[in-house]
Amino acid sequence: MHALKLRSVFFNKLVRFSTCNELQSRCFYRFDSKQGPASVAEFIYNKILTTGPISVSEFMKIALTFPKVGYYMNRDVFGNQGDFVTSPELSQMFGELIAAWFVSEWSNLGAPGSIQLVELGPGRGTLACDILRTFKQLRQVLQDTKMSFHFVEMSPFLSKVQYELLCCKPLEKKIVFCTDNYFLSGRTPENIDLFWHNALDTVPRGTFTLFIAHEFFDALPVHKFVKKDGIWKEMYIDICSDGTKKNLRFVLLPNPTLACKTLIAKDEARQQVEVSPQSSLIVQEMTSRISESNGAALIGDYGHFGTKEDTLRGFKKHQLADVLSDLGECDITADVDFKYLRNAALPCNVDVSGPISQNKFLKHLGIDTRLMMLLRSSSDPEVRRKLIGGYNIMINPAQMGERFQFLSITSRSRLKDKNNKSVPITGFE
């Protein structure tokens, strides 16, 4: 894709950060004032009054990650009591199968003596908890392999939740972010070291690494573009013309922005597109590490392969919500363009597989067999109901089964079969 070949200096101008390293972080909006605004809505309204309309990308960044008042910064948004449910919250089987994928790829990549696991956007820590529990059960396979787990997280609230779940003890100290190293560390009861980072670039390089990014990329900011009279123009956020009720609206800028000229492929056939340059940079950072030091990455999210046009939406209490209302109180998300991510990874010396639908991926990994094993081991009607219910939501094409996709990025240092061909990537063939 044309836009992916641009130098990072263009991205720096587009998203108004000063360095490429800051772009590689999870859309954390840095704000130095100790006082801060009372709400996201107040800050956005005053910013537009002062500097004019803002891009959809900047709007998402502020609404989701503004310190203290951003959507992800001060609450538990997951589960039945939150705004949406993820696969790890639905069933233990999901995390168990992801762990099995990691162990299989670790073996296919030569079974190195140490593993560095990295999860981007770890939520409550449920997925990591299930992965580590499964690793413990597979200790005979992993043997004396050294292991550490690193989390890329920008929410102090969720970092505390993750720490207390995984370390099995309360967090006593106040969380203070560190920009050049991890900001929090701990250890599981099984003596696995855990580290929390607010940017991927502070995670150590030079070691075998397995990445997991589950429902991470859909929360990264996107630029929205509309083709009008054959000319690409960018969608911005402005204050409603009456200027009295602090209501916001989408506006189409009259002239093409720098983003229009640099982020859209020349052969783009759609009439509307959403592009996340930060997603591209994060994928490139992961692939460069995999290429240099061996490893693999697994990306799972709601998405498409460069076909959808307008997917930006809000979620509150498991219902669609107005993106421009309840700022800081509802989730804002856009479907992931897996074609865009795939093209970002391909220039590196890695193998890319997928995207493949979640129901195919989980079935290839053996979810049907695992479900039957768990059902046979329990006679509790409620446990059995939850197992079957979680399975159905994850596999049903009308729910997560088809809408959720997986993409893998792996090192080319794979084991060879008897025909001297690399062994296939687990779950994708």
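**Inside a predicted model: cores, cavities and a pocket**

Trainee: Let's start with V273, is it buried or exposed?

Mentor: V273 is buried, at a relative accessible area of 2%, where buried means under 20%, exposed means over 50% and partly exposed lies in between, for a 1.4 Å probe and protein chains only. Please keep in mind that this is a predicted model, in which local features need pLDDT of at least 70 and side-chain atom pairs count only at pLDDT 80 or more, while totals for chains, interfaces and linings use all residues. Residues are numbered from 1 along each chain as its sequence is written, and side-chain values use heavy atoms, with hydrogens and water left out.

Trainee: Which element does V273 sit in, and which residues does V273 touch?

Mentor: V273 belongs to strand β10; helices (H or I, at least four residues) and strands (E, at least two) are DSSP runs numbered from the N terminus. Leaving aside residues up to four places away in sequence, V273 has contacts, meaning heavy atoms within 4.5 Å, with H223, K224, F225, W232, I264, E268 and E309.

Trainee: OK, new topic, how many cavities of 30 Å³ or more are there?

Mentor: There are five cavities of 30 Å³ or more, and the largest cavity holds about 110 Å³ of space. On a 1 Å grid over the protein atoms alone, a cavity is a set of points where a 1.4 Å probe fits but cannot get out, whereas a pocket is an open set with protein on both sides within 12 Å along at least five of seven lines, and lining residues have an atom within 4 Å of a point. Grid points are joined across faces, edges and corners, and the volume is the space filled by probe spheres set on the points.

Trainee: And what lines the largest cavity?

Mentor: Its lining has 14 residues, and S276, S279, D335, V336 and D337 are those that lie nearest the centre. The elements giving two or more residues to this lining are β10 (272-275), β15 (336-337) and α12 (338-345). By type, the lining of the largest cavity has eight nonpolar, two polar and four charged residues, where Ala, Val, Leu, Ile, Met, Phe, Trp, Tyr, Cys and Pro count as nonpolar, Asp, Glu, Lys and Arg as charged, and the others, Gly among them, as polar.

Trainee: What about the largest pocket, what volume does it have?

Mentor: The largest pocket has a volume of about 900 Å³ and a lining of 40 residues, with F84, V85, T86, E215 and M400 nearest its centre. Among the elements that give two or more residues to that lining are α5 (87-90), α7 (126-137) and α16 (397-401), and the largest share, five residues, comes from α15. The lining of the largest pocket divides into 15 nonpolar, twelve polar and 13 charged residues.

Trainee: Now α14, which of its residues are buried, and why do they end up on the same side?

Mentor: In helix α14, which spans residues 367-376, the buried residues are I367, L371, L374 and L375. They lie on the same side of α14 because they cover an arc of only 100° around the axis, the arc being that of the directions from the helix axis to the C-beta atoms. T369 and R376 are exposed on the other side of α14, and the cover over the buried residues includes α6 (92-108), α13 (358-365) and α15 (381-395).

Trainee: Which residues have the most contacts inside the largest nonpolar core?

Mentor: They are I98, W101, F102, F135, F361 and F406, in a core of 54 residues. Such a core is a set of buried Ala, Val, Leu, Ile, Met, Phe, Trp, Tyr and Cys residues joined through side-chain atoms within 4.5 Å. Helix α6 gives the most to this core, with nine residues. Beyond residues up to four places away in sequence, F406 touches F94, I98, F361, G354 and P355, among others.

Trainee: What is the peptide bond from G354 to P355 like?

Mentor: That bond is cis, with omega near 10°, and P355 lies in strand β16, residues 350-357.

Trainee: Last one, where are D229 and N294?

Mentor: D229 is in the loop between β7 (223-228) and β8 (231-239), whereas N294 is in the loop between α11 (277-293) and β11 (295-304). Although D229 is not a glycine, D229 has a positive phi of about 55°, and N294, not a glycine either, has a positive phi of about 75°. D229 is exposed at a relative accessible area of 73%, while N294 counts as buried at 18% relative accessibility.
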